[in-house]
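Thanks for coming. Please have the model open.

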Amino acid sequence: MFLAGALIASVAGMGWLALAMETHWEQVRGSDLRSLRITTQLRCMGAAGLFVSLLFCLKVDHASMAALVWVMTLAIAAVSTAFTLTWRPRWLRILVFWVRR
């Protein structure tokens, strides 16, 4: 259960970090990202998502194994986010449902 949570948190974190970039924001939302506040929020949420993922991994295994599993979840999350941005970028809208633009 915690490993599934770690993977979900990693994917969400990578998605938020990607959406903090102007190009990916335009792909997903279809508008310019002109708010520094939203960019900062997305970056903080992305970092928090990756940190929560690490905490979940540490909850399941000892530190050396948790670090390995965490790096693997980061790799899976990065690749899945990249593929989503390539194939169906609008699917990442769910990560920014609270933004009204």
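At what angle do H1 and H3 pack, and how far apart are their axes? The angle is about 160 degrees, and the axes of H1 and H3 are 7 Å apart.

Before going on, the ground rules. This is a predicted model, in which local features need pLDDT of at least 70 and side-chain atom pairs count only at pLDDT 80 or more, while totals for chains, interfaces and linings use all residues. Residues are numbered from 1 along each chain as its sequence is written, and side-chain values use heavy atoms, with hydrogens and water left out.

A few terms for the helices. Helices are DSSP runs of H or I with at least four residues, numbered from the N terminus. An axis is a line fitted to C-alpha atoms, for helices over the stretch in contact, and angles between N-to-C directions run from 0 to 180 degrees. Under 35 degrees counts as roughly parallel, over 145 as roughly antiparallel, 65 to 115 as roughly perpendicular, and the rest as oblique.

So H1 is roughly antiparallel to H3. The crossing of H1 and H3 is left-handed; that term applies if the near helix is turned anticlockwise from the far one by less than a right angle, and right-handed applies if clockwise. The contact of H1 with H3 divides into 16 nonpolar, six polar and two charged residues. Here Ala, Val, Leu, Ile, Met, Phe, Trp, Tyr, Cys and Pro count as nonpolar, Asp, Glu, Lys and Arg as charged, and the others, Gly among them, as polar.

Next, H1 against H4. H1 covers residues 2–19 and H4 covers residues 63–87; their axes come within 8 Å and cross at roughly 50 degrees. That angle makes H1 oblique to H4. The crossing of H1 and H4 is right-handed. On the H1 side, the contact (heavy atoms within 4.5 Å) includes Leu 3, Leu 7, Ser 10, Val 11 and Met 14. On the H4 side, Val 69, Thr 73, Leu 74, Ala 77 and Thr 81 are among the residues involved. By class, the contact of H1 with H4 has eleven nonpolar, five polar and no charged residues.

The remaining pair is H3 and H4. H3 and H4 pack at about 140 degrees, with axes 8 Å apart. That makes H3 oblique to H4. The crossing of H3 and H4 is right-handed. H3 contributes Leu 50, Ser 53, Leu 54, Cys 57 and Leu 58, and H4 contributes Ala 63, Ala 66, Val 69, Trp 70, Thr 73 and Leu 74. The contact of H3 with H4 has nine nonpolar, two polar and no charged residues.

Now single residues. Is Ser 10 buried or exposed? Ser 10 lies in helix H1 and has 0% relative accessibility, so Ser 10 is buried. The cut-offs are under 20% relative accessible area for buried, over 50% for exposed, and partly exposed in between, with a 1.4 Å probe and protein chains only. Leaving aside neighbours within four places in sequence, Ser 10 is in contact with Gly 49, Leu 50, Ser 53, Thr 73, Leu 74 and Ala 77.

Thr 81 sits in helix H4 and is buried, with a relative accessible area of 6%. Not counting residues up to four places away in sequence, Thr 81 touches Val 11, Met 14, Gly 15, Ala 18 and Leu 92. Thr 81 and Gly 13 are 68 residues apart along the chain, and their C-alpha atoms are separated by 9.7 Å.

The C-alpha atoms of Ala 67 and Trp 98, 31 residues apart along the chain, are separated by 32 Å.

Last, the core. A nonpolar core is a set of buried Ala, Val, Leu, Ile, Met, Phe, Trp, Tyr and Cys residues joined through side-chain atoms within 4.5 Å. Which members of the largest one touch the most other members? Of its 15 residues, they are Leu 19, Trp 25, Ile 38, Leu 42, Leu 92, Leu 95 and Val 96. H1, helix H2 (22–29) and helix H3 (36–60) each supply at least two residues of this core. The largest share, four residues, comes from H1. Leaving aside neighbours within four places in sequence, Leu 92 is in contact with Leu 19, Val 28, Thr 81, Thr 84 and Leu 85.
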